[in-house]
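Me: I would like to go through the terms used for this model and set each one against its cut-off. Could you take them in turn?

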Amino acid sequence: MIRDSIKTRFESVQAAGKRFEDQLRPQLDKASVELKKVLASLGADVSEPRSLSEVVSQIRSKNPTFRELTLRLDVATYDLRKKLWWDANMMTAYFTDKAGKTYEAEVKPKLTEARNRAESEARRLLEQVRELAPRRPAREQADEAAKQD
């Protein structure tokens, strides 16, 4: 019995890991392609796998001064920066819209219900207080009204 529960938990963890990898893999592939574009723009040969030191030495040979390196880095990353900026803005807009819809569909009705419940409870309590308050005779009320005039 314990063995079965451990086995099912292990299978569910494996399934969750597989789903996570399936969602993450396309993003990693896109990032790899973009990195290769940037490295190629900086002067590195990325057609075949190379060590990091070889890539760095190729970039140094193509960009002998710091100024050249920064200029090429700026040019190489321009499209990527704009794409990331656009994606971030679109994700913000998407999540803002989704949060607004969730608020309208789930949160606002609960708040309205709670407010209505609180108001009705307050009205009920006020009515009870009015009922419990001692009634003054009509003559005393008329005397007080005459004094105030």
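Predicted model: local features only at pLDDT ≥ 70, side-chain atom pairs only at ≥ 80, totals over all residues.

Me: What makes Glu 34 and Lys 37 a salt bridge?

Reply: The term requires a side-chain nitrogen of Lys or Arg within 4 Å of a carboxyl oxygen of Asp or Glu; the closest N and O atoms of Glu 34 and Lys 37 are 3.6 Å apart, so the pair qualifies. The two residues are 3 residues apart in helix α1, which separates them by about one helical turn. At 17% relative accessibility Glu 34 counts as buried, whereas Lys 37, at 47%, is partly exposed.

Me: How do you know that Glu 121 and Arg 124 form a salt bridge?

Reply: Their closest N and O atoms are 2.2 Å apart, and by the rule already given the count for the structure comes to 13 salt bridges. Glu 121 and Arg 124 are 3 residues apart in helix α3, again about one helical turn. Both are partly exposed, Glu 121 at 34% and Arg 124 at 36%.

Me: Why is the pair of Tyr 94 and Phe 95 called edge-to-face?

Reply: The structure holds 1 aromatic pair, and in this pair of Tyr 94 and Phe 95 the centres are 5.3 Å apart with 65° between the planes. Rings of Phe, Tyr and Trp (its six-membered ring) pair if their centres lie within 6.5 Å, and planes under 30 degrees apart count as stacked, over 60 as edge-to-face and the rest as tilted, so the rings pair and the angle makes them edge-to-face. Tyr 94 is partly exposed at 44%, and Phe 95 is partly exposed at 46%.

Me: What is the bend of α3 at Thr 77, and what does the value refer to?

Reply: The bend at a residue is the angle between axes fitted to the seven residues ending there and the seven starting there, and for α3 at Thr 77 the value is about 45°.

Note on methods: Residues numbered from 1 in each chain as written. Heavy atoms only, no water. Buried < 20%, exposed > 50% of the residue type's maximum accessible area, 1.4 Å probe, protein only. Helix = DSSP H or I, 4+ residues; strand = E, 2+ residues; numbered from the N terminus.
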